[in-house]
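Have a look at the picture, then read on.

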Amino acid sequence: MNFGFSEEQDTIRETLARMLGDHATLEVAHNRLDSGEGFDTATWSALAEGGWLGLAMSEAEGGSGMGAVELATLAEEIGRSLAAVPCLPVLCMAVPALQSAGTEDQRKSFLPGIAEGRTIMATALAEGGGLAPDTVSAKVARDRLSGRKAPVTFGAAATHALVAATDEEGTSRLYLADLAAPGVTIRALDPIDRTRPAAEIVFDNTPVDLLPGSDAAAIRRLLDGAAVLAAFEQIGLAGRALALTTSYAGDRHAFGRPIGSFQAVKHRLADMFARIELARSNAFFGAWALASGDSRLPEAAAVARLTALDAVQFATEESIQLHGGIGFTWAADPHLFLRRGWQLKAELGPAAMWRERLLGHLADTPRAAS
Amino acid sequence: MDFSDSPEEAAFRAKAREWLEANATLRDGSEKAQDHFMARDADEVARARDWQARKAEAGWAGLTWPRAFGGRDATPIGQVIWNQEEGRYAVPPNVFLIGIGLVGPTVMVHGTEDQKKAVLPRALTGEDIWCQLFSEPAAGSDLAGIRTRARRDGDDWVISGQKVWTSGAHYSSHGILLARTDPEVPKHKGMTMFLVEMSDPAIQTRPIRQISGGASFNEVFIDDLRLPDSARLDGESEGWKVALTTLMNERFSISVGRASGGARAEELIALAARVQRNGRPAIEDGAVRARIADFVARQRGLEFTSYRVMTSLSRGEAPGEEGSIGKLLLGRLRQEMGAFGMELAGTAAGVSAADDDDAARWRNEYLTAPGNRIAGGSDEIQRTIIGERILGLPPDIRVDKTVPFSKL
């Protein structure tokens with residue numbers, strides 16, 4: 001039984017934490033939020049220089065040949081730092097999609113650029129409030145894509161996008177689009193977390209390139225893997241919110257004692273901790289299932305997603321509450337975590353969607369009538 | 001990350017399995033429901049004693065005890081593996097958990113050579129069954145508030161008081177008893193630990209019926225119990241230190257123990273497929289599906305949390321932060337699932353016909369769960385422990401720490 005990280009993986013975590021601690025401070029996060037600049041290109045470049053963007057690519061692909069567990073570690077540290085970088089859409093979605101469904105040519109053309117930070121490949125699975133493969137109205141005919149995808153996270157900063165659309169037979173597939181190609185219109189949206197510059201992208205007869213291994217099942221697997229990795233990012237941010245709030249509760253005095261000595265406060269913090277650790281346990285299983293290709297991945301992804309969503313929402317809302325009036329101010333830190341939490345919820349769909357995926361998987365029963 | 005056994009663990013598992021196959025019968029689902037640790041009647045006690053004696057003879061009792069005391073010197077993960085394997089077989093409840101898991105290790109640390117000789121071998125073979133005489137009507141979560149009084153009388157001690165929530169006291173032969181010997185010092189300082197024989201006429205045991213209908217724990221009345229000084233475990237006024245050893249071993253025993261056997265969330269899926277809600281099968285109702293999905297997610301989280309605990313044990317580390325949350329979250333989940341199982345029955349909620357297994361099962365879950373939230377450290381105590389020991393928050397302000405017990 002070994003349901004934890006190896007020493008090598010712990011070293012990766014420590015190195016990353018140091019590096020992100022230097023670049024992606026909460027001050028930087030506040031500045032990004034205020035300026036609306038979003039994408040923190042300096043941190044992304046530093047990650048590229050450190051070789052972290054190619055973490056889960058093989059050496060032939062321009063990476064360092066590690067796997068899903070190491071990628072999970074990266075996601076957790078990104079979450080903890082609140083770095084305004086496209087870890088989830090690029091590293092946890094576009095890269096695995098290219099690896100599992102792309103051609104060798106596609107991998108050779110794009111993976112090295114992603115590893116070096118030159119290519120920012122967004123993943124456009126969402127439209128109409130839903131996610132592919134269940135909600136897809138964009139269409140491809142004769143290698144030309146038409147449709148409207150939104151929100152596309154980091155779509156306003158991306159060079160390329162992987163777009164879910166139906167082919168001429170009505171099958172959901174993934175297509176590679178160069179966002180500088182003709183017929184692409186990008187409109188910036190106003191996301192709850194402005195450090196993740198979301199966009200609406202309209203394609204009008206845009207030339208695209210099919211990922212031949214992609215179909216509805218492949219898109220579902222991609223979402224499952226992304227849900228596991230996002231859970232680590234969520235746990236990272238929830239853990240940081242807890243740490244900040246714990247520290248505040250130890251410093252802040254009222255009625256002649258630190259507020260953290262009152263059980264009303266202490267027990268709330270304990271509940272935050274418990275929910276985060278429960279989510280972490282599910283995320284561990286998800287990482288194991290993802291790394292080992294276990295058939296229980298859909299179930300593992302759903303439970304990791306559900307408990308992570310719960311932990312983040314509880315921890316970030318209560319973080320504001322326990323900070324009192326200061327927690328409600330723009331200048332204070334707690335809302336940064338609340339915003340990122342909602343953003344990560346929006347990007348892969350809400351609990352209702354994942355509950356249905358889980359139950360559909362376990363019960364094999366008809367979907368709930370609406 | 002890897003779920004497989006290490007080569008040593010696999011070898012240990014194979015040996016355990018081999019012996020169990022030759023000596024026990026695999027469960028086939030037809031067994032009567034039973035508790036893992038509590039016997040319900042004299043017959044279960046007798047069967048438990050017999051099973052323990054056979055395990056002891058073959059070297060499978062007191063696995064983590066040192067060989068010098070008749071144990072196997074196994075690692076904690078060895079105990080986990082044994083519990084997993086033994087759990088596949090129809091074996092009687094382990095009424096020896098307190099003797100082997102709590103009292104034995106405490107006596108090894110704090111006992112005299114004579115006490116070790118008297119206690120350890122008989123605990124191992126199941127000849128003696130031990131109970132833990134700690135909690136009192138006025139001292140539960142605040143254990144150091146006990147009032148049972150032990151007074152010197154010549155060379156003897158005379159003890160009077162009342163204990164409560166004593167699991168298995170009604171069939172135990174011995175008890176480990178915490179008493180106050182000096183009320184003129186602050187509460188943690190004036191206690192002493194004793195080893196007592198439950199058959200002494202000065203000890204009266206009365207079972208307490210729980211809301212679930214069962215009666216696995218007791219009130220214990222002690223009226224002028226006379227003990228020689230040799231019944232004292234470790235020094236006079238050292239009782240709190242001894243109690244902490246016992247409680248530490250209790251946490252360990254629970255963390256490597258078998259799961260408490262509550263219902264699986266998947267059982268609610270099957271139930272929801274059988275019953276109707278709003279004119280259609282309940283499993284087609286979105287609200288029902290959402291609740292069940294959340295239960296599954298939480299229950300999986302607890303299961304994988306126990307894997308994290310096992311990983312710590314397997315690496316030879318003490319269970320870390322993860323170990324503390326299972327206790328806090330399990331009882332509440334079980335209570336909510338029990339309530340939901342009853343609700344699925346609709347107007348029949350809470351009503352059970354003799355042939356209605358569903359209603360009886362979920363009612364029992366619901367009425368058993370509150371015990372999970374109270375026994376072994378209530379939810380509230382767990383939250384304080386997490387807040388102070390893990391998160392490092394400032395302690396509650398204590399008005400009783402420096403005041404002599406008699407002035408409280």
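Is Trp165(B) buried or exposed? Trp165(B) has 20 C-beta neighbours inside 10 Å, so it counts as buried. That label needs 20 or more other C-beta atoms within 10 Å of a residue's own, while 12 or fewer makes a residue exposed and anything in between partly exposed, with C-beta atoms placed from the backbone.

Before going further, some ground rules. This is a predicted model, where local features need pLDDT of at least 70, side-chain atom pairs count only at pLDDT 80 or more, and totals for chains, interfaces and linings use all residues. Residues are numbered from 1 along each chain as its sequence is written, and chains are lettered from A and ligands numbered from 1 in the order in which they are written.

**Some backbone details**

Trp165(B) sits in strand 3 (residues 156–167) of chain B. Helices (H or I, at least four residues) and strands (E, at least two) are DSSP runs, numbered from the N terminus. Trp165(B) isn't a glycine, yet its phi is positive. Asn278(B) does the like, also with a positive phi. You'll find Asn278(B) in the loop between strand 9 (276–277) and strand 10 (280–281) of chain B, and it is exposed, with 10 other C-beta atoms within 10 Å.

Chain A has a couple of cis peptide bonds to look at, one from Ala132(A) to Pro133(A) and one joining Ala150(A) and Pro151(A). Pro133(A) lies in the loop between strand 3 (130–131) and strand 4 (139–141) of chain A, whereas Pro151(A) is in strand 5 (residues 144–152) of chain A.

| Item | Angle |
|---|---|
| Trp165(B) | phi near 60 degrees |
| Asn278(B) | phi about 50 degrees |
| Ala132(A) to Pro133(A) | omega near 0 degrees |
| Ala150(A) to Pro151(A) | omega about -10 degrees |

**Chain B as a whole**

Chain B has 11 helices and 10 strands, and buried residues make up 44% of its 408 residues. Its C-alpha trace spans about 75 × 50 × 45 Å along the principal axes.

Inside chain B, the axes of helix 3 (residues 76–86) and helix 8 come within 7 Å and cross at roughly 135 degrees. That makes helix 3 of chain B oblique to helix 8 of chain B. Where do they meet? Pro76(B), Ile77(B) and Val80(B) in helix 3 of chain B meet Met310(B), Leu313(B) and Ser314(B) in helix 8 of chain B. Angles under 35 degrees count as roughly parallel, over 145 as roughly antiparallel, 65 to 115 as roughly perpendicular and the rest as oblique; axes are lines fitted to C-alpha atoms, for helices over the stretch in contact, and angles run from 0 to 180 degrees between N-to-C directions.

**Where the chains touch**

The contact takes 45 residues from chain B and 44 residues from chain A. Two residues are in contact if their C-beta atoms, placed from the backbone, lie within 7 Å. On the side of chain B that touches chain A, helix 8 of chain B gives the most, with 18 residues.
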